[in-house]
Amino acid sequence: MAPPVEITIPTTSLSPTSPPHTIYHIALRLPLRSFTVSKRYSDFSTFHTTLLSQTNAEPPVPLPAKAWFSNTVSNSSFREDRRSGLEEYLRAINDAPDSRWRSSPVWRAFLNLPTAATTSTNTTSTRLHAAITDPGNATNASIIDPTLWLDYYRDMKSHLHDARLQLSKRDQETTPQRQHESSAHAKSSLVRASSMISTLEEGLKNLSTRGAQSRVTLGEGEIRRRKDLLINARKEKDGLEDLLHAMATKSRLDHAVASIQDKEALIRAGNGDAASNGGRRTPARSGRVLGKETERTRELDNKGVLQLQQETMQAQDASVDELLKIIIRQRELGTAIHEELEVQNELLKMTDEDTNRLQTKLDIGKKRINKIS
């Protein structure tokens, strides 16, 4: 059976710190997602020591030894050899028939793997599939796995994206049948997204209250971030639903206006025939074209058709006003998202600066410890 995690170290880079050091980018591919973890050689050395203490067994492949007379920063050939050796070291543990190393806590902590990634991957995949295909099921209403929550959220966002694409496609269609098909697909995606948002909200409550029971604790900042994600997703869903409703209303109004225009054309044609016959109206013959008449206009006289046209125009004006409100709401939503992204970017910059300062202090501390020892 293939291992549940695929591990490679495709690239390396040099840190921006002074002095610089080599960073190894570990690419991990799980059944549900892929991500990258960045480590330096000292992290591997600490991991190896902890792994030995937890398992009391040497890994299948030894860790590449530390070189005293060569530097991976200035020697690209040595850097590539070490990258290859570290990749072989991790893959040997991952592919080994003996799972003692993969079952150790330090393995999951070193690679940032979720708790269930190495021991119950099939169960997690089954739960995600069940939650996506049947979000209304009572057994799927509770999501207590943070990783499952994120995967479920990404699938919900894909439904919103599909709904937006279908609405854009509907606006470009020229036949009523294809417009109806696009609207049906968009509505189906929105219904599924609405149900998934409710499930995600319930799951977030479980994650914030069942941290000890699920052995996973989310910080308050992460809880707030996920709440903001759900608020923005619900706003996006509501905006798409309003847009779909406005499009459907506009389509009905366009059909009504077209019918009224056909009625007026028939009336003008009838008046023209009467004038050509000395003011006498000729009775309708079998050759009269009434194919574009509707049930609402067929039995109306001129005043009735005029009144219907005025009512239709008023309804169309109201629909345009409603569409304008939706557009304004979408603009406000976009502005709010932009402002939130700016705040998040500033926080990330501050975090990077703090990380660099902390790393510099750690390097200085290590040098002092080495001098003392």
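Angles between axes under 35 degrees count as roughly parallel, over 145 as roughly antiparallel, 65 to 115 as roughly perpendicular and the rest as oblique. The structure is a predicted model, in which local features need pLDDT of at least 70, side-chain atom pairs count only at pLDDT 80 or more, and totals for chains, interfaces and linings use all residues. Residues are numbered from 1 along each chain as its sequence is written, and side-chain values use heavy atoms, with hydrogens and water left out. Helices (H or I, at least four residues) and strands (E, at least two) are DSSP runs, numbered from the N terminus. Axes are lines fitted to C-alpha atoms, for helices over the stretch in contact, and angles run from 0 to 180 degrees between N-to-C directions.

Helix α5 (residues 146-172) packs with helix α6 (residues 176-209): their axes come within 8 Å and cross at roughly 160°. The two helices are therefore roughly antiparallel to each other. Their crossing is left-handed (the near helix is turned anticlockwise from the far one by less than a right angle; clockwise would be right-handed). By class, the contact of α5 with α6 has 16 nonpolar, nine polar and five charged residues. Here Ala, Val, Leu, Ile, Met, Phe, Trp, Tyr, Cys and Pro count as nonpolar, Asp, Glu, Lys and Arg as charged, and the others, Gly among them, as polar.

Three strands form an open sheet in the order β1-β2-β3, with antiparallel pairing (two strands pair if DSSP finds at least two bridges between them). β1 (6-14) and β3 (34-39) stand at the edges with a single partner strand each, so one side of each is left without a neighbour in the sheet. Neighbouring strands are turned by 25° against each other on average, direction ignored. Seven bridges join β1 to the antiparallel strand β2 (residues 22-29). Ile7 stands opposite Leu28 in β2. Helix α2 (residues 76-95) packs on the sheet and touches β1 and β2 (contact means heavy atoms within 4.5 Å). The direction of α2 makes about 155° with that of β1.

The axes of α1 and α2 come within 12 Å and cross at roughly 30°. That makes α1 roughly parallel to α2. The crossing of α1 and α2 is left-handed. Tyr41, Phe44, Phe47, His48 and Leu51 in α1 meet Arg82, Leu86, Tyr89, Leu90 and Ile93 in α2. By class, this contact has eight nonpolar, one polar and one charged residues.

The count comes to 13 salt bridges (a side-chain nitrogen of Lys or Arg within 4 Å of a carboxyl oxygen of Asp or Glu).
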